Amino acid sequence: MASEAALWKWLRGQMKDDWFAHRIENRVGLGTPDVFYTFQGVMGWIELKEITSITKKNCPFTAEQVDFAEQIARNRGIAFALVRVKRKLYAMSHRAMFHWHVGGDPMKMGGQNVQECGANDLRMILRGRWI
């Protein structure tokens, strides 16, 4: 199984020079997402997760990560997670992150809270057009 570092490398490779992004490794500011970016005038935060399956019981998000995403969204910002499960990539809204964290199944939420995505979907997602 690849690591979050490999997911970051893949993401950078897909976007190349089309964006500015900074990977954040922060052990002091709990909950700070892995990536801060700006793309076509839009700024946002991405939490990267690499997991083997999506079940109610294996939520990879900490309470601090969920709270950070909620606070950003509450103030009209963009914060979401990119979760890679084996060969599939999912974009998850802050609502899906919260729902999963409190024991729900994010895949059963409906709407656009969880979207399987590919390289072609990234630009729309980074602009916040799916949340």
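Predicted model: local features only at pLDDT ≥ 70, side-chain atom pairs only at ≥ 80, totals over all residues.

Student: Okay. How many helices and strands does the chain have?

Tutor: There are four helices and six strands. Going along the sequence, they follow the pattern α-β-β-β-α-β-β-α-β-α.

Student: And what's the radius of gyration of the chain?

Tutor: It's 13 Å, close to the 14 Å that the globule rule gives for 131 residues, so the chain is as compact as a globular protein of that length. The C-alpha atoms fill a box of roughly 40 × 30 × 30 Å along the principal axes. Buried residues make up 43% of the 131 in the chain.

Student: Now the sheet. What's the order of the strands?

Tutor: The sheet is open, its six strands are in the order β1-β2-β3-β4-β5-β6, and the pairing is mixed. At the edges you'll find β1 (20-23) and β6 (114-117); each has a single partner strand, so one side of each has no neighbour in the sheet. From one strand to the next, the twist averages 25°.

Student: Let's go strand by strand. How do β1 and β2 run, parallel or antiparallel?

Tutor: Antiparallel, with four bridges joining them. For instance, His 22 has Phe 36 in β2 as its bridge partner.

Student: And what about β2 and β3?

Tutor: Strand β2 (residues 35-39) pairs with β3 in the antiparallel sense too, over five bridges. Tyr 37 has Gly 44 in β3 as its bridge partner. These two strands form a hairpin with two residues between them, and there Gln 40 takes a positive phi near 50°.

Student: β3 keeps coming up. How many of its residues are buried?

Tutor: Nine of the 10 residues of β3 (residues 42-51) are buried, so the strand is largely enclosed by the rest of the structure.

Student: Which strands does helix α1 lie across?

Tutor: Helix α1 (residues 4-15) lies across β1, β2, β3, β4 and β5 (88-92), and runs at about 135° to β3. Helix α3 (residues 94-101) also packs on the sheet, where it touches β3, β4, β5 and β6. The direction of α3 makes about 100° with that of β5.

Student: Changing topic: how many disulfides are there?

Tutor: Zero, from a search of the whole structure. Take Cys 59: the nearest cysteine sulfur is that of Cys 117, 18 Å away. A disulfide needs the two sulfur atoms within 2.5 Å.

Student: And is Cys 59 buried, exposed or partly exposed? Which of those is Cys 117?

Tutor: Cys 59 is partly exposed, with a relative accessible area of 22%. Cys 117 is buried, at 9%. The cut-off for buried is under 20%.

How values were computed
Residues numbered from 1 in each chain as written. Heavy atoms only, no water. Buried < 20%, exposed > 50% of the residue type's maximum accessible area, 1.4 Å probe, protein only. Pairing = 2+ DSSP bridges. Axes fitted to C-alpha atoms, helices over the stretch in contact; angles between N-to-C directions. Contact = heavy atoms within 4.5 Å. Rg over C-alpha atoms; globule rule 2.2 N^0.38 Å.
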